[in-house]
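Here is a short report for a first look at this model. Please view the sequence and the structure, then read on.

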Amino acid sequence: MKRSGEAKGGLRPPAQTLEAAVADAIKAHLKTSGAALLSAGTPSFEELEVRRACLARITKANTSRLLEMAERVEIEPGRLRIIVALQGEAWEGLDTIEITAPFTHQRKGVERKIVLGDPCPSPDEKLQRTLGRALDWKDRILGGERVEALAKDEGISSRFLRDRLQLAFLSPRIMKAILDGTQPAHLSTNTFVRSDIPLCWSEQESLFGFDQETRLA
């Protein structure tokens, strides 16, 4: 299993944690998308039966076997992108599939784990307050206040203010998600503060995991 990623979201989970998540994602995808895989490319009856038996074995396979199928794993903000190789003549014309699995990265003490699945909308009150303050600061600065004077008035350092002021320049889509509580679960105030946020809205949305889909390759 080739692994890449970390730069986009600063995430690099332990190998054992990642491997378990990848295996779970492969198994879950094959269970939910098995019908589409079986019929892809209009196989013959014999090929269909071979595929059916193959998928049955895979969904019962252990972690090591599932990881052998993963040709490449890319870690992106809020999702894993996995390229899975399907072997055997029955899969001719469908050598690989691409799986994009949304996940939440959670920490409990020193333990870290990856929880797969689309998280339920969960408002982050701290993030919402930070966005509100950033928008207010932006208006005040555009109105003529100097950053240093504004920071002094707020009782914070200029650096603290500048780091959070970035949120005032997020795309409308990201802002709406934050206010609605539907932002990807891995996002927090610290995620934005520690990121070099591009000015281009589409680049922001890609960076922070707002373009997610699962498809056949």
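## Burial of E74

Buried means under 20% relative accessible area, exposed over 50%, and partly exposed in between (1.4 Å probe, protein chains only). E74 is buried, because its relative accessible area is 18%. E74 sits in strand β2, residues 70-76. Strands (E, at least two residues) and helices (H or I, at least four) are DSSP runs, numbered from the N terminus.

## Basis of the model

This is a predicted model: local features need pLDDT of at least 70, side-chain atom pairs count only at pLDDT 80 or more, and totals for chains, interfaces and linings use all residues. Residues are numbered from 1 along each chain as its sequence is written, and side-chain values use heavy atoms, with hydrogens and water left out.

## Cysteines

The structure has 0 disulfides. A disulfide is a pair of cysteine sulfur atoms within 2.5 Å. C54 is buried at 13% relative accessibility. C200 is partly exposed at 32%.

## Helices α5 and α7

Helix α5 (residues 125-142) and helix α7 (residues 158-165) have axes that come within 9 Å and cross at roughly 105 degrees. So α5 is roughly perpendicular to α7, a term for angles of 65 to 115 degrees. Axes are lines fitted to C-alpha atoms, for helices over the stretch in contact, and angles run from 0 to 180 degrees between N-to-C directions.

Methods
Parallel < 35°, antiparallel > 145°, perpendicular 65-115°, else oblique.
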